[in-house]
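Let's take a walk through this one together, going from the overall outline down to a few individual side chains.

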Amino acid sequence: MANGGAIGNFSYRAVKPGNTSISFSTTNGTTKTFDVIVVEAKVKSIELSTDLDCVFPGETVHLSAKVSPENAIQTVKYEVNNGSQLGWTDLCDDKIEVSPEWDGNVSTIRIRAKSTDGFDVTSGICDVRICNVNKMHFYTDSLTVGVGDTKSNSLYFGNISPYTVLHYKSEDENIAIAGDEAKITGVSPGRTTISVYRKGCNIPIANFPVEVYVPVKSIELDRYEIHVPFYTYFTINAKVLPENATDKRISFYKTSAINGHDNKWYISPPFNNGAEIEAHSVENPDIKAVCKVYQETFQYGLSNLDSDKIYLSRGESVTVEPFIRPEYQNDRTWEYSSSDSDIAEINQNGCITAKNIGTTTICVSTDTDGWRAVIYKDVIVINKVSSISLNPSSAEEKEGEQIQIKATVLPEDATNKVLAWSSSDESVASVDNNGLVSLLKEGHALITAYSTDGSDIVATCNISVIKRDVLVSSISLDSSYAEGKEGEQIQIKATVLPEDATNKVLAWSSSDESVASVDDNGLVSLLKEGHALITAYATDGSDIIATCNISVIKRDVLVAYISFDPSYAEGKEGEQIQIKATVLPEDATNKVLAWSSSDESVASVDNNGLVSLLKEGHALITAYATDGSDIVATCNISVMKRDVLVSSISLDPSYAEGKEGEQIQIKATVLPEDATNKTIEWSSSDESTATVDDFGLISLLKKGTAVIMASTTDGSGISAECAVVVSELLGIEEILTNESSYVKIFNLSGILVYEGIYSDANLVPDYYIVVCDGKNVKAKILHKNATSMTNRQ
């Protein structure tokens with residue numbers, strides 16, 4: 001107590017810390033005494049800690065508690081709960097010893113500390129996990145992870161990973177970092193070791209190797225497009241990025257149109273341009289780069305001279321510039337010659353010099369590597385035109401009239417005074433070879449006269465044409481009705497009269513733009529099923545129109561994809577499997593499928609995808625689209641032999657007896673030997689007397705009789721029985737003849753709950769393991785100092 005209290009009509013007050021006794025008398029003259037402990041302060045809280053969160057068989061967990069405030073009673077008692085229905089059990093010490101013989105899966109012990117000052121203040125609960133070191137293994141023996149990637153590799157005890165009580169640490173954190181829940185992150189390429197520690201321990205309990213590599217991110221090519229002639233070898237250089245990638249191996253793949261191997265390729269006819277060569281990463285084949293290949297063709301000529309003839313004046317020079325395409329052929333050697341060097345000569349640099357009036361032919365040729373290109377050009381040496389003047393130099397008239405332009409060519413003795421004439425807009429004004437200009441429509445045009453002797457002399461005349469208005473009188477369309485399918489186009493041709501109408505521009509419209517639209521040129525686009533009226537309007541104010549009725553028919557939608565559910569199936573002989581086919585798109589015109597089997601003796605299929613399983617084996621079921629789209633889908637079918645049912649079960653023994661707490665193993669023999677499903681289901685007629693597990697192991701619980709039944713699970717209805725008689729256990733005197741014997745007592749989780757003289761033990765009724773005189777005994781404590789024991793060892 002901290003301050004005081006009351007009993008009946010008596011009250012008391014605490015004076016100072018210490019121990020005392022209080023006596024009082026009742027009205028009937030009876031005197032009673034009770035002990036009182038006065039404490040300085042009441043316990044407010046207890047902080048419990050353990051030196052181990054994870055413990056192995058044969059080890060000891062030490063407990064410690066910190067009581068607050070410090071002037072409160074510091075003594076505490078420890079309690080443990082291993083998950084049984086008996087609740088919390090007092091510990092006899094500040095430690096927990098785990099039996100060396102414990103061989104279970106991961107088990108959790110819950111521990112708490114309780115104050116001894118009478119106020120029953122408890123600490124928070126600490127969980128300690130008992131792990132079987134003999135069942136310890138990693139998810140994988142070794143780990144490979146990329147730089148920047150994270151993978152997990154947990155340590156398991158059996159099938160449980162108690163990650164909350166384990167700590168993972170990398171031997172070299174410059175290579176890999178180990179985080180919570182066994183998450184390993186690659187930092188830089190190399191090898192290191194990840195060790196696993198129990199929290200609170202500095203000695204690793206296990207480790208595994210980790211290799212960190214630099215993954216490939218991309219592939220670069222020295223060229224992504226190449227032009228080559230037939231039968232010419234070429235190579236493609238590939239570079240893996242990043243440059244420090246661990247695995248830089250590359251595999252090349254090509255289309256069938258490309259010949260060669262080992263990155264030495266060539267093409268031959270027939271060949272389709274755009275064939276591809278792919279460079280794939282061996283480490284990650286999804287990473288690739290593609291080079292497209294095209295056939296190269298040769299072209300050659302003179303880059304600075306387009307006309308067939310070269311016109312020069314005496315003493316004038318020009319240099320020819322021969323070329324071959326593609327560009328890599330331009331390192332060839334060219335030869336030059338003239339048919340008459342007295343008229344014009346050419347040197348080996350391609351420079352032509354005119355000497356006398358007349359005509360000669362020059363030859364430019366090359367035949368490197370057995371391939372020959374020859375270019376011929378006529379060279380005409382003349383007196384060139386020096387100027388041209390036109391009269392008039394500008395003019396303006398109305399549509400339909402004509403204007404004569406007079407040209408004066410100088411010098412008078414020019415060899416070739418013939419002129420070429422052109423109009424910048426033939427629709428506005430045209431000109432003939434004599435300079436006669438015909439005015440066609442309103443607008444402007446530039447009439448040009450060119451010298452034809454190579455002197456490149458020109459003269460121009462600006463022509464302005466004034467409009468003469470003529471209104472449209474009629475519009476006729478080449479069709480008054482047309483039909484087509486969605487997505488098609490129809491060109492409507494309109495004829496506008498009169499021919500000389502000033503403005504023949506038409507405006508177009510559709511009565512339903514969602515069915516059919518029309519552009520400014522009468523091109524109709526059919527959009528969806530329905531009808532629309534296309535109208536052409538004159539835009540010159542004459543209000544003339546013409547119409548065309550358009551009918552749009554729904555277009556065929558082909559099947560694009562077929563999917564199966566399932567895509568793989570298996571079953572037994574005589575069964576049937578329904579394959580559901582989904583045909584896309586939903587609006588496909590024809591969704592009817594044709595079905596076939598690769599082996600009709602194994603499995604057949606009807607027109608609805610119902611598969612009949614005929615005999616053991618494999619067959620491929622295929623569904624074909626019947627709309628001409630050539631789309632197919634397949635389902636692999638595996639047919640297994642039909643089940644062989646159990647015909648009999650025999651039990652050994654068929655009768656058994658034993659004492660409470662003992663176990664009896666029953667062996668079941670199932671016939672025939674080739675029965676498909678030999679799994680047995682076990683049951684007891686009285687679970688309170690005897691229980692049986694899935695393996696036929698009987699646990700005898702209390703005195704009585706029970707029938708253990710083994711039943712088939714294959715539907716055959718076969719069963720067998722074993723009668724079991726359970727007798728009562730004998731008393732403790734059969735094991736312990738002397739109650740003053742020194743014993744160690746463990747609960748069934750392997751936790752030491754008592755050590756000392758047996759007569760001093762004060763345990764709740766339950767099953768325990770008693771160690772006495774070097775023997776281990778499984779005992780049932782009925783009440784204090786009354787024990788039944790079984791399973792002597």
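What follows starts with the whole chain and then zooms in.

First, some ground rules. This is a predicted model, with local features needing pLDDT of at least 70 and side-chain atom pairs counting only at pLDDT 80 or more, while totals for chains, interfaces and linings use all residues. Numbering runs from 1 along each chain as its sequence is written, and side-chain values use heavy atoms, with hydrogens and water left out.

Now the fold. The protein chain has 79 strands and zero helices; these are DSSP runs numbered from the N terminus, with helices being H or I of at least four residues and strands being E of at least two. As for its outline, the C-alpha atoms fill a box of roughly 165 × 70 × 70 Å along the principal axes. The radius of gyration is 53 Å, whereas a compact globule of 793 residues would sit near 28 Å. That figure is taken over C-alpha atoms, and the globule rule is 2.2 Å times the number of residues to the power 0.38.

How much of the chain is buried? Buried residues account for 39% of the 793, where buried means under 20% relative accessible area, exposed means over 50%, and partly exposed is in between (1.4 Å probe, protein chains only). As for contacts (heavy atoms within 4.5 Å), of those between residues at least 6 apart in sequence, 55% join residues at least 24 apart.

On to the aromatics. A search of the whole structure turns up four aromatic pairs. Rings of Phe, Tyr and Trp (its six-membered ring) pair if their centres lie within 6.5 Å; planes under 30 degrees apart are stacked, over 60 edge-to-face, and the rest tilted. Phenylalanine 138 and phenylalanine 208 have ring centres 4.8 Å apart and planes at 65 degrees, so this pair is edge-to-face. Because phenylalanine 138 lies in strand E13 (residues 136-138) and phenylalanine 208 in strand E21 (residues 204-213), the pair ties together parts 70 residues apart in sequence. Both phenylalanine 138 and phenylalanine 208 are buried.

Phenylalanine 252 and tryptophan 265 also make an edge-to-face pair, because their planes are at 65 degrees, with centres 6.3 Å apart. Phenylalanine 252 sits in strand E25 (residues 250-254) and tryptophan 265 in strand E27 (residues 264-267), 13 residues apart. Phenylalanine 252 is partly exposed at 25% relative accessibility, whereas tryptophan 265 is buried at 4%.

Last stop: threonine 622, in strand E64 (residues 617-625). Threonine 622 is buried, with a relative accessible area of 9%. Leaving out residues up to four places away in sequence, threonine 622 touches Ala594, Trp595, Ser596, Val632, Ala633 and Thr634.
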